[in-house]
Amino acid sequence: MKSNIIIKLGLLLAAVGLLGSCNSDPEYYTLEAPEDQMQVQSSADTLLLERTKKAETAAIFTWNDAHDRGAGTSLTYYIRFYLADSKDKISDLLPVPSGNSYALSTQELNNYLSNWGVAVGEAARVTAEVIAQVNADTKFFKPEISETTIVVTGYDPRDLMYMLIPSSEGDRSIQMDNIPESGIYHWHGGLEPCEFWFSTSTTGAPAYVRGASDTQAVYSADGTGSHFAITEPADYDITLDLNTGTLTVNKIPYLYLVQEQDGSTGTTRITNIDTDSLYYHWSGRLQAGTRLRFATSDANTWPAYVPTAAGSDEVKLADEGAPMLTISTTGRYEITLCLKNNKLICLDVYDLPFGGMWAVGNAVPSGWDAGNQTCPFVQSDLKHHPEIWTLTTDITAGNEFKLITRPGEWNYEFLRADSETRQDPVNTWLSSGIRSAGVSGDNKYTPSKGGRWTIKADLHNMRLIMVQ
């Protein structure tokens, strides 16, 4: 037993010695990064990005061929971008489709800045890194890398535009309307004399300020520059088109209804309903004997627009003392005036007690529920027929409807046909009237044809028709 132990121990020691003699010092291999032969360059060192150029190329990055790594190898180029001062803010690795160049659009670059949290208007150092990956089957090669850094200032990615008006209490900011991604912004409203400019931020920078003329808007990264100006109080229709860098300002004069009665004078501003054709509309009650004129100032009500002659539907601008429009009957009136063609409409109308009308009956979708307001009438043509209220709806032939003026009240005033025998309003004006509580004669309208129809109620001539 002892001899066996000695023999085994000797074999073990011999094996250890043999292993020691075969195990020479380890040899380590270090992959050296090849010298940058590509020398990537950018078409621009400094970039100020603008929303209007978002589809355009912001920068083109070009480079030389990377080192040839020998037989059996090929190169694939990639590019990525990162914040030079914060490399953890980095883009995906992007394959280069072909050649030794890569074009980056304004929107792509601005999206990087936004995703990395770079503030709008802040200049950021962005590094472009080109990587030449070596493709080989039997050996690994460390890729060749080339970098260049540019300075980029971005824009607000949100499609917002503000009109800024300075005042002693701070800049007033008005958000403009727009069609998304169109680059066109619009606002309509009243302005007193003021200066203004435009910005994608309520802070006022970056901005679009006055260029060489009142119709040119130019970009200003820090918000400095000349402002646009309004010199007269009025309604204004303002359009900023960043695609062309143009500003369009249409002035819509204020218009006031001036009423004279029993030695007193009052002015009421009239609403503009069409900025291009300068249509104005007013509705309200007037007393018989009231004299009317239309002025562009509430402080100086002469000169003013008055009828060219008694009963005329045309007006002219006249000086103080000119004959005015005289109201002959007390009641409610619809007035529309167009300053483009100087046409005047002034009509007395039935005074709707609750400001509206609703169709009810089994001929219309609302049914006979007097409280159902699903079939309301509206004034659809204030420019040409402010006296007519309309409803476009589905009609069931042979059934009935009438027009109520107070939802939920059957016995309140409602509009119905005057005749007990002529109650079909299809393509025919039917003389109509108001039936008050306690007055007999329901005379509901009974259309002979169904389908989609427009019901028109003329509250000046008191008549009703259905047309398609």
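Residues are numbered from 1 along each chain as its sequence is written, and side-chain values use heavy atoms, with hydrogens and water left out. Because the model is predicted, local features need pLDDT of at least 70 and side-chain atom pairs count only at pLDDT 80 or more, whereas totals for chains, interfaces and linings use all residues.

An open sheet is formed by four strands in the order 12-13-18-19, with antiparallel pairing. Its edges are strand 12 (177-178) and strand 19 (246-252), each of which pairs on one side only. Strands here are DSSP runs (E, at least two residues), numbered from the N terminus, and two strands pair if DSSP finds at least two bridges between them. Strand 12 and strand 13 (residues 184-191) run antiparallel and are joined by two bridges. Asn 178 has Tyr 185 of strand 13 as its bridge partner.

The structure also holds 20 salt bridges, a salt bridge being a side-chain nitrogen of Lys or Arg within 4 Å of a carboxyl oxygen of Asp or Glu. One of them joins Asp 85 to Arg 125, with the closest N and O atoms 2.7 Å apart. Asp 85 lies in the loop between strand 4 (74-83) and strand 5 (86-90) and Arg 125 lies in strand 8 (residues 123-135), so this pair ties together parts that are 40 residues apart in sequence. Asp 85 is exposed, at a relative accessible area of 63%, while Arg 125 is partly exposed, at 39%. In these terms, buried means under 20% relative accessible area, exposed over 50%, and partly exposed in between (1.4 Å probe, protein chains only).

A further salt bridge connects the side chains of Asp 313 and Lys 343 (4.0 Å, N to O). Because Asp 313 is in the loop between strand 25 (304-307) and strand 26 (315-318) and Lys 343 is in strand 29 (residues 343-349), the pair ties together parts 30 residues apart in sequence. Asp 313 is partly exposed, with a relative accessible area of 42%, and Lys 343 is partly exposed, with 34%.

The side chains of Asp 442 and Lys 402 likewise meet in a salt bridge (3.4 Å, N to O). This pair links distant parts of the chain, 40 residues apart: Asp 442 is in the loop between strand 34 (430-435) and strand 35 (451-458), and Lys 402 is in strand 32 (residues 402-404). Asp 442 counts as partly exposed at 24% relative accessibility, whereas Lys 402 counts as buried at 5%. Finally, a network of salt bridges links Glu 260, Arg 291 and Arg 293.
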